[in-house]
Amino acid sequence: QVQLVESGGGLVQAGGSLSVSCAASGRTFSSYAMGWFRQAPGMEREFVAAISWSGRTTYYADSVKGRFTISRDSAKNTVYLQMNSLKPDDTAVYYCAAEFGEHTIAVVTTLRNKYDYWGQGTQVTVSS
């Protein structure tokens with residue numbers, strides 16, 4: 001079992017920055033990729049960013065490319081999402097997720113159903 005706990009959400013004005021983090025505990029000795037997803041009210045949960053176990057592979061949704069940066073600290077079993085130039089459209093509950101498997105050393109996926117564990121989510125609100 002793996003537990004994922006997000007933190008760092010909050011309220012920020014448009015154009016501002018915010019960082020959210022996700023701490024993993026439990027089965028953290030295995031290879032796992034980490035992803036961030038978000039869900040706005042009335043919308044489906046959508047992919048935001050992902051990072052491989054090695055940290056060498058990252059992938060971003062087009063909507064956040066160039067503004068968001070995903071990173072991980074393997075020693076702390078923590079993944080971060082730095083969000084800059086935030087827009088009101090970025091308002092959502094942000095979820096982190098973990099996908100296990102040897103392939104995650106270098107491979108990431110944008111597909112929700114490939115992720116094995118999910119955090120409880122943290123609210124990010126961007127005011128205009």
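Strands here are DSSP runs of E with at least two residues, numbered from the N terminus. The model is predicted: local features need pLDDT of at least 70, side-chain atom pairs count only at pLDDT 80 or more, and totals for chains, interfaces and linings use all residues. Residues are numbered from 1 along each chain as its sequence is written, and side-chain values use heavy atoms, with hydrogens and water left out.

Four strands form an open sheet in the order β1-β3-β8-β7, with antiparallel pairing; two strands pair if DSSP finds at least two bridges between them. Because β1 and β7 stand at the edges with a single partner strand each, one side of each is left without a neighbour in the sheet. β1 and β3 run antiparallel and are joined by six bridges, and V2 stands opposite G26 in β3.

A search of the whole structure finds one cavity of 30 Å³ or more. A cavity is a set of points on a 1 Å grid over the protein atoms alone where a 1.4 Å probe fits but cannot get out, and lining residues have an atom within 4 Å of a point. A volume is the space filled by probe spheres set on the points, which are joined across faces, edges and corners.

| Item | Largest cavity |
|---|---|
| Volume | about 30 Å³ |
| Lining residues | C22, A24, Y32, M34, R72, D73, S74, N77, T78 and V79 |

β3, β4 (32-39), β7 and β8 (78-83) each supply at least two residues of this lining.

Technical notes. 1 Å grid on protein atoms, 1.4 Å probe; cavity = no way out; pocket = protein on both sides within 12 Å on 5 of 7 lines; lining within 4 Å.
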